[in-house]
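Please read the following note with the sequence and the model side by side.

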Amino acid sequence: MYVQQLEPVADSLGLSALVATLPLLTVLVLLGAVRVRAHRAGLIGLAVAVLVAWLAYGMPLGQTASSAAQGALFGLFPILWIVVNALWVYRMTVRTRHFDILRRSFGRLSDDPRVQALVVAFCFGALLEALAGFGAPVAISAVMLVALGFDPVRAAVVALVANTAPVAFGAMGTPVVTLAQVTGLPLDTVATVVGRQTPLLALVVPLLLVWLVDGRRGLRETWVPALACGCAFAVAQFAASNYVSAQLADIGAALAGAGALMAVPHARKPAAEPVRATVLTGVRGDDLDHDDPRPEVLRAYAPYALIVAVFSLAQIPAVKEVLAKATRTFDWPFLNVGGPSGDPVGGNVFSLPLVATGGTLVLLAGVGTAAVIGVHARVAVREWAATVHELRFAILTVTSVLALAYVMNLSGQAATIGHYVAAAGAGLAFLSPVLGWFGVAVTGSDTSANALFGALQVTAAQQSGLSPELLAAANSSGGVLGKMISPQNLTIACAAVGLAGKEGDLLRKVLPWSLGLLLVMCLIVVGQSTAVLGWMLP
């Protein structure tokens, strides 16, 4: 058995923590300063993590490689298994033009551009985040807003800011699933705490969006539908994450938010011409006035209805029990690791949920989607392969980052950093969301930030006497606010609306909102760590 050491370098916790941070510093510097592409930075960071584990911590090279292999497999399945299948469903709707029908349907819900921003960027963007994540919501929402007549810069800013509240439960709960896996905390517990933090953002973001679209006038005239949308979203996200399923949290929230928005009579009133003249300063799509047959409109909504139906069925206790029977749990080969106390760690055992996982359920919904919207089996398979090819660099990035995280966690590097950071004491509650925010700002992914810093947060919490569940959740909740300023998301937004090279301009517009909302989240977490808001936690 390899037993983790906390002070392997000169018997000094400080020096050991400094060496242990080398893999993280390598990734962050390569991404943020050198501007190396994410998959290359991940691979180089993984190499550094392996060297530190082997040379500084004395972890046998075979066990180090086995740790990296386990992390890479977890990155492929279930994490990327979800993303690939979700984007496959989207690609099929684009191929059959049903996505265009959906876009026109949204445009007809209201002709008020402020309400359209809520429908497209906040509600539909949240649904896309729930199904796919990884930049898809920003790109698709921004393109739809431009087609509705928004100025490209305004469309990009709105799409970026809207992509916050749903991120922690995006891609069928991938970030919280990853967080639970790397920290060893129960998924239900982690999702419950996150579900008592991010819904508070949902109350604010819709109001912020109407401000971004039309300033004070927008807030004054459309605060009622914006608040109704945010409240419904927040309540549904809280209820689903706490009492139903983390995978369904964003789907239920997106649908509830859209339903509440359309239920407000004010949201369906025609917008005044001065509003349209000052807000819709872009070029409106030529096909928006095209009438679509009702059966085709229903088909356009069918993929999302199918996903909701499949996931809802999977939550029925009897069905859930049947699906869980296909899960395989086994001792991971060539790995025998003990914690600092000598007790075996959870990473020695690996669980493979073959059917009871979001990716497989989305695949089943995708098969149904192909049948409903008329995609031939051969074409559907070709689209799936094209999706994998399109995501090849993202696949390499996620697998390398997860491999790096597993090496750091199993070798003891994360534990060393956690013990050192614990010296911050009560200040950890304030700094915890900042660490998640920084991780997402650099990596562009709440999943990656949770993989990198999740175990560190838990170790630091245990050493400082704070709740491990609270700080782990704060890593994810703070991280969602870094997504709008991440280089990857800024690049995606610029490319989507034809603003290549203008990433700096977008950054200057969204950075103040990112920092302001981060401060709010830090204060929430500090309050939850004390008696002030401690009653909010389970």
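1. The lining of the largest cavity consists of eleven nonpolar residues, with no polar and no charged ones. Here Ala, Val, Leu, Ile, Met, Phe, Trp, Tyr, Cys and Pro count as nonpolar, Asp, Glu, Lys and Arg as charged, and the others, Gly among them, as polar. This is a predicted model, in which local features need pLDDT of at least 70 and side-chain atom pairs pLDDT 80 or more, while totals for chains, interfaces and linings use all residues. Residues are numbered from 1 along each chain as its sequence is written, and side-chain values use heavy atoms, without hydrogens and water.

2. One cavity of 30 Å³ or more is counted, and the largest cavity has a volume of about 70 Å³. A cavity is a set of points, on a 1 Å grid over the protein atoms alone, where a 1.4 Å probe fits but cannot get out; lining residues have an atom within 4 Å of a point. Points are joined across faces, edges and corners, and the volume is the space filled by probe spheres set on them.

3. Which residues lie nearest the centre of the largest cavity? They are Ala86, Tyr90, Leu128, Leu131 and Tyr304. Two or more lining residues come from each of α4 (61-95), α6 (113-131), α7 (136-147) and α14 (294-314); α4 gives the most, with four residues. Helices are DSSP runs (H or I, at least four residues) numbered from the N terminus.

4. Ring pairs link Tyr90, Phe99, Phe124 and Tyr304 into a cluster. Rings of Phe, Tyr and Trp (its six-membered ring) pair if their centres lie within 6.5 Å; planes under 30 degrees apart are stacked, over 60 edge-to-face and the rest tilted. The structure holds eleven aromatic pairs. The Tyr90 and Phe99 pair is edge-to-face, because the planes stand at 90 degrees, with ring centres 5.3 Å apart. Tyr90 is partly exposed at 23% relative accessible area, whereas Phe99 is buried at 9%. Buried means under 20% relative accessible area, exposed over 50% and partly exposed in between (1.4 Å probe, protein chains only).

5. Phe124 is, with Phe150 and Leu209, among the residues that touch the most other members of the largest nonpolar core, which has 174 residues. Such a core is a set of buried Ala, Val, Leu, Ile, Met, Phe, Trp, Tyr and Cys residues joined through side-chain atoms within 4.5 Å. Beyond four places in sequence, the contacts (heavy atoms within 4.5 Å) of Phe124 include Phe99, Ile140 and Tyr304.

Technical notes: 1 Å grid on protein atoms, 1.4 Å probe; cavity = no way out; pocket = protein on both sides within 12 Å on 5 of 7 lines; lining within 4 Å.
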